[in-house]
Amino acid sequence: MKTKLKKWLILIVWMFIIFIFSNQPHSGSVTHDMVEQILPNIKFDSLINIINFTIRKLAHLSEYFILTLLTISLSKEYIKKEKIILLISIIFCFIFALTDEYHQSLVPGRTSVFTDVIIDTIGGILSIITYKIYTKIKHQK
């Protein structure tokens with residue numbers, strides 16, 4: 001299979017995975033229950049809520065960190081200027097995050113909040129920073 005086609009396929013599969021995660025109804029209570037089962041000795045519900053919140057927001061960061069890296073990789077197949085590649089990648093990340101939040105607003109028991117779009121975009125920015133550090137180290141060798 002050609003490289004471009006592989007990269008398109010991987011990106012689309014990752015987008016679908018994000019869609020599947022967003023399509024799960026009442027996912028906040030599901031992860032809350034999982035945290036309670038994993039950490040049964042925690043007696044304070046507020047601490048469980050903090051852990052649950054942290055896990056969920058780190059999931060947002062991670063999903064969009066990966067999405068942006070995949071977008072960078074695919075964009076490099078078509079565009080040579082790194083600044084354009086990175087700009088397109090972060091814009092794509094932001095727009096996909098917006099559509100994902102809208103999608104969540106249609107799922108029972110889910111909410112749509114703009115702060116999640118910001119967290120998703122921060123994941124994309126961290127991905128770009130990581131990519132820049134990696135390429136700088138790679139070119140120094």
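Modeller: Helices (H or I, at least four residues) and strands (E, at least two) are DSSP runs, numbered from the N terminus. This is a predicted model, where local features need pLDDT of at least 70 and side-chain atom pairs count only at pLDDT 80 or more, while totals for chains, interfaces and linings use all residues. Residues are numbered from 1 along each chain as its sequence is written, and side-chain values use heavy atoms, leaving out hydrogens and water.

Biologist: Which elements make up the protein chain, and in what order?

Modeller: The protein chain has five helices and zero strands, so by the DSSP runs its elements read α-α-α-α-α from the N terminus.

Biologist: How do you know what span helix α5 should have?

Modeller: Helix α5 covers residues 114–140, and its 27 residues should span 39 Å at 1.5 Å a residue. Its end C-alpha atoms are 39 Å apart, so the two values agree. Helix α4 has 24 residues and reaches 35 Å, close to the expected 34 Å.

Biologist: What makes leucine 98 count as partly exposed?

Modeller: Buried means under 20% relative accessible area, exposed means over 50%, and partly exposed is in between (1.4 Å probe, protein chains only). Leucine 98 has 35%, so this residue is partly exposed. Leucine 98 sits in helix α4, residues 82–105. Phenylalanine 92, also in helix α4, is partly exposed too, because its value is 27%.

Biologist: Why is the pair of lysine 7 and glutamate 77 called a salt bridge?

Modeller: A salt bridge needs a side-chain nitrogen of Lys or Arg within 4 Å of a carboxyl oxygen of Asp or Glu. The closest N and O atoms of lysine 7 and glutamate 77 are 2.7 Å apart, so the pair qualifies. Lysine 7 lies in helix α1 and glutamate 77 in the loop between α3 and α4, so the pair ties together parts that are 70 residues apart in sequence.

Biologist: How many salt bridges does the whole structure hold?

Modeller: The search finds three. Another of them joins aspartate 116 and lysine 57, with 2.6 Å between the closest N and O atoms. Aspartate 116 is in helix α5 and lysine 57 in helix α3, so parts 59 residues apart in sequence are tied together. Both aspartate 116 and lysine 57 are buried. Lysine 132 and glutamate 82 also meet in a salt bridge, at 2.6 Å from N to O.

Biologist: What does glutamate 63 touch?

Modeller: Contact means heavy atoms within 4.5 Å. Not counting residues up to four places away in sequence, glutamate 63 touches Trp14, Ile18 and Phe21.

Note on methods
The expected span of a helix is 1.5 Å times one less than its number of residues.
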